[in-house]
Amino acid sequence: MGEGLGIQSMVECQAMDIEAFLTTNGITFQRFDHPAVFTCEESEKLPPIPGFHTKNLFLRDEKAKRFFLVVVGHSKNVDLKELKKLIGVQKLSFGSPEYLLQHLGVTPGSVTLMGLVNDAAHAVEVIIDAVAWEASEIACHPLVNTATVVISHEGLEKFLSATGHAGRVVEVPARS
């Protein structure tokens, strides 16, 4: 990426690169462009897009200095206290925007499973809710929040393999 590009321009360039990555790895996808959305509530106002719509949480265990990307359905409210017990950490909090950019190459409002393409060091552990894993198609941002890509479950498996990440499938606890 050229010098002088701002963070948003760099991320937009990466979005084009993610499509090349998907194509190179034999992962078919559908792309849907739309106005920027920063929350799941905003995404519900978009025209219908197929697939299982996700919410992605970038979390950190400060004590052990571990990072997690938790993928759940867009309407699930995750119980972080129960999740920390489930994944065996003592303190779980949201990762900072700086760590998010460093590890996944995205900014807040654009957290996505596709960010794993930027985690060459494999510093981020992937936790996928069982319901999301069982979906036939999954919908997520292609590194920017101005589009959504839809890939099949097989494509999701290929993507994780191509990035060198093993998704840990669990029943992510919901807040009641």
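Guide: One term before we start: a contact here means heavy atoms within 4.5 Å. Among contacts in the chain between residues at least 6 apart in sequence, 67% join residues at least 24 apart. Keep in mind that this is a predicted model.

Visitor: Got it. How many helices and strands are in the chain?
Guide: The chain has six helices and eight strands. Going from the N terminus, the order is α-β-α-β-β-α-β-α-β-α-β-β-α-β.

Visitor: And what share of the residues is buried?
Guide: Buried residues account for 46% of the 176 in the chain. As for the surface, the chain exposes about 8900 Å², with carbon and sulfur atoms supplying 53% of that.

Visitor: Let's zoom in on helix 6. Which of its residues are buried?
Guide: Helix 6 covers residues 153-163, and its buried residues are H153, G155, L156, F159, L160 and T163. Looking down the helix axis, those buried residues fall within an arc of 155°, so they line one face of helix 6.

Visitor: What does the face turned away from the buried side carry?
Guide: That face carries the exposed residues E154 and S161. E154 has a relative accessible area of 53%, and it forms a salt bridge with K158, where the closest N and O atoms are 3.8 Å apart. E154 and K158 both sit in helix 6, four residues apart, or about one turn of the helix.

Visitor: Why would residues four places apart point the same way?
Guide: An α-helix has 3.6 residues a turn, so residues three or four places apart point the same way.

Visitor: Is K158 buried, exposed or partly exposed?
Guide: K158 is partly exposed, because its relative accessibility is 33% and that class runs between the 20% and 50% cut-offs.

Visitor: How many aromatic pairs does the structure hold?
Guide: Three. Another one is F67 with Y99: the ring centres are 4.9 Å apart and the planes are at 55°, so that pair is tilted. F67 lies in strand 3 and Y99 in helix 4, so the pair ties together parts that are 32 residues apart in sequence. F58, F67 and Y99 form one aromatic cluster.

Visitor: Switching to charges. How many salt bridges are there in the whole structure?
Guide: A search finds six. One of them is K76 with D129, with the closest N and O atoms 3.0 Å apart. K76 is in the loop between strand 3 and helix 3, D129 is in strand 5, and the two are 53 residues apart.

Visitor: Are those two buried or exposed?
Guide: K76 counts as buried because its relative accessible area is 19%, and the cut-off for buried is under 20%. D129 is buried too, at 4%.

Visitor: Last topic, backbone. Where does phi go positive in a residue other than glycine?
Guide: H122 has a phi near 55°, and L143 has one of about 80°. H122 is in the loop between helix 4 and strand 5, and L143 is in the loop between strand 6 and strand 7.

Visitor: Which of them is buried?
Guide: L143, with a relative accessible area of 1%. H122 is partly exposed at 42%.

Note on methods:
Residues are numbered from 1 along each chain as its sequence is written. This is a predicted model: local features need pLDDT of at least 70, side-chain atom pairs count only at pLDDT 80 or more; totals for chains, interfaces and linings use all residues. Side-chain values use heavy atoms; hydrogens and water are left out. Buried means under 20% relative accessible area, exposed over 50%, partly exposed in between (1.4 Å probe, protein chains only). The arc is that of the directions from the helix axis to the C-beta atoms. Rings of Phe, Tyr and Trp (its six-membered ring) pair if their centres lie within 6.5 Å; planes under 30 degrees apart count as stacked, over 60 as edge-to-face and the rest as tilted. Accessible areas come from the Shrake-Rupley method with a 1.4 Å probe; for residues, only the protein chains shown count as cover. A salt bridge is a side-chain nitrogen of Lys or Arg within 4 Å of a carboxyl oxygen of Asp or Glu.
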